[in-house]
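Q: I would like to learn how to read a protein model feature by feature. Could we go through one together, with the general idea placed before each case?

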Amino acid sequence: MIVGVNTDTVAEQVGSLLAGLGVGHAFGVVGSGNFHVTNALRHAGVGWTAARHEGGAVTMADAFARTSGEVAVATLHQGCGLTNALTGITEAAKSRTPLLVLAADTASSAVRSNFRIDQDALVRSVGAVAERVHSPESAATDVLRAYTTCRNERRTVVLNLPLDVQARPAVPATVPGPTTWSPVRPDPAAVARLAELLRSAERPVFIAGRGARAAGDELATLADRCGALLATSAVAHGLFGTDPWSLGIAGGFATPLAAELITDADLVVAWGASLTMWTTRHGALLGEAATVVQVDDTASALGAQRPVDLPVLGDVAATARDVLAVVAGQRVGYRTGTVAARLRTDARHGAPPEVVGERIDPRVLSAALDDLLPVERTVAVDSGNFMGYPAGYLRVPDAAGFCFTQAFQSIGLGLATAIGAAIARPDRVAVAACGDGGFLMGISELETAVRLGLGMVIVVYDDGGYGAEFHHFADDDHTCVRFGDTDLAAIARGHGCVAATVRSTADLGAVTEWLAGPRDRPLLVDAKVVADEPSWWLAEAFRGH
């Protein structure tokens, strides 16, 4: 592809070129520094959403990229615009999201500017790639380099745009399209060794991670041949959909049955999964006698979190196809009648009988919402004590149906995540699952959801404080982490939402009524949840702090 660029200023050239390269939607908060480049993107046909906070804008863009598979763009003012966005940039960088951030920067001569900071150093400090448009002569090449790194290496890139360079006349340029890289093929010897392990395994389990989200069909086919059970890390939840041999999420959110079957496996193959402490419950899910294989297309990821018996450098889909080609015969493996019967009855988290009172059990709430909400949904989960409930109870149709911006473990990203996912998949009902602390931290974007007329559901698991802290520090003074009830439904109505306070399943009639239509604005469910005991996964999670 050849992209012709003929515009008046460098700012306009940057926007035009990125549109020609095929970037997805753009999000941002516009100030004087990014005004012209944002309008250039818009005028060149790139979709645009104005957020109310730069942190929200970047998280929306992150979620859009994860859900759509396209490179997303965020545009920011110089200095404070970038620092406001830093948590979202850190999350995206840790998650290897292909996100391109266009950050204005002070002119090199503006040494006394209030906005002046070392933006390159700041960006690198959180794991993102710092790039820069250096001059009108290099602008087109600089943009192409940043975009290619973002797309091909799945990196979060911040392209700094100095104001003096932005304002200068563009140098007309014809730029070659970005290089397309072929998937990394595994070494044949590694393929043969993995095939032999699969042939001899009696209880194989596949754990698919972020790097396997585009390889669900290949992995399901190979697992069927080898008799392997299927599981995912949290970020790949939904990859195996309704496959009867799926265990769901491995790790802290796993069902008791999934944890048991994974622990009893004699072979665990991690496909594009880094085997973090969260996915393995600090190693407890991997039996002492299990052989562990890790397949990844990035060499530095192999064995980075824990030792593995066989590291395989290769693209997940390509490796699965190569292994399938040399694995002969159909094996029963772990897919016995006994296991099938248990999966039919115990594959989902159970909920206790409802006890009607002032607060609703979060398990009862989550199970009821799972039954009420449309199957075609996108679930976005914020961080906190509550997060295992929506992750464990709310089913999703596929991997695009679950957006989990939790690589940095920040609260406050859930609402913006759901907005970005809703824009990426308007055909699905977006569900934002938040705690009251995270919801209030990101509440500036509630106006954005209303302004856009998004038919999304916002479920606040409201325990009146920071539940993770008051459960973890059970015998300490909780004054600083308990706040009591806040009428979140009233606040949401003030923003223009439909809203309901829920203390029992009887109050969920408001959800049924909203679902009947017209769904032209968000529904907020302020669920006053029981706060007298921690979620089942919390103690394990705090071992990682």
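This is a predicted model: local features need pLDDT of at least 70, side-chain atom pairs count only at pLDDT 80 or more; totals for chains, interfaces and linings use all residues.

Q: Is Cys434 buried or exposed?
A: A residue counts as buried when its relative accessible area is under 20%. Cys434 has 0% relative accessibility and therefore counts as buried, whereas Cys80, with a relative accessible area of 41%, is partly exposed.

Q: How should I read the packing of two helices?
A: Two packed helices are described by the angle between their axes and the distance between the axes. Here helix α1, residues 10–21, packs with helix α7, residues 139–152, at an angle of about 40 degrees, and their axes are 10 Å apart. That angle makes α1 oblique to α7, and the crossing in which α1 passes α7 is right-handed.

Q: Which residues make the contact between α1 and α7?
A: From α1 come Val10, Gln13, Val14, Leu17, Leu18 and Leu21, and from α7 come Ala139, Ala140, Val143, Leu144 and Tyr147.

Q: At what angle do helices α3 and α5 pack?
A: Helix α3, residues 54–68, and helix α5, residues 86–94, pack at an angle of about 25 degrees, with their axes 8 Å apart. Angles under 35 degrees count as roughly parallel, and that makes α3 roughly parallel to α5. In this pair, Val58, Thr59, Asp62 and Arg66 of α3 meet Gly88, Ile89, Glu91 and Ala92 of α5, and the residues of the contact divide into three nonpolar, two polar and three charged.

Q: Which residues are buried in helix α11, and what do they pack against?
A: In α11, which covers residues 256–263, the buried residues are Leu257, Ala258, Ala259, Leu261 and Ile262. The buried residues of α11 pack against the strands β9 (204–208), β10 (229–232) and β11 (246–249), and also against helix α14.

Q: Where is Gly333 placed, and what does it touch?
A: Gly333 lies in the loop between α13 (316–326) and α14 (337–346), and with a relative accessible area of 17% it is buried. Beyond residues up to four places away in sequence, Gly333 touches Glu202, Pro204, Cys226 and Gly227. For the pair Gly333 and Glu202, the C-alpha atoms are separated by 4.7 Å, although the two residues are 131 residues apart along the chain.

Q: How far apart in space are Ala212 and Leu452?
A: Their C-alpha atoms are 32 Å apart, and in sequence the two residues are 240 residues apart. Ala212 is found in the loop between β9 and α10 (216–226), and it is buried, with a relative accessible area of 0%. Apart from residues up to four places away in sequence, Ala212 touches Leu219, Leu239, Trp271, Gly272 and Val316.

Q: What should I look for in the backbone?
A: Two features worth checking are cis peptide bonds and positive phi values in residues other than glycine. The peptide bond from Gly517 to Pro518 is cis, with omega near 10 degrees, and Pro518 is placed in the loop between α22 (509–515) and β20 (523–528). Phi is positive in Arg281, near 50 degrees, and in His282, near 55 degrees. Arg281 lies in the loop between α12 (277–280) and β13 (291–296), and His282 is also found in the loop between α12 and β13, where His282 counts as partly exposed at 27% relative accessibility.

Definitions and conventions. Residues are numbered from 1 along each chain as its sequence is written. Side-chain values use heavy atoms; hydrogens and water are left out. Buried means under 20% relative accessible area, exposed over 50%, partly exposed in between (1.4 Å probe, protein chains only). Axes are lines fitted to C-alpha atoms, for helices over the stretch in contact, and angles run from 0 to 180 degrees between N-to-C directions. Helices (H or I, at least four residues) and strands (E, at least two) are DSSP runs, numbered from the N terminus. Angles under 35 degrees count as roughly parallel, over 145 as roughly antiparallel, 65 to 115 as roughly perpendicular and the rest as oblique. A crossing is left-handed if the near helix is turned anticlockwise from the far one by less than a right angle, and right-handed if clockwise. Contact means heavy atoms within 4.5 Å. Ala, Val, Leu, Ile, Met, Phe, Trp, Tyr, Cys and Pro count as nonpolar, Asp, Glu, Lys and Arg as charged, and the others, Gly among them, as polar.
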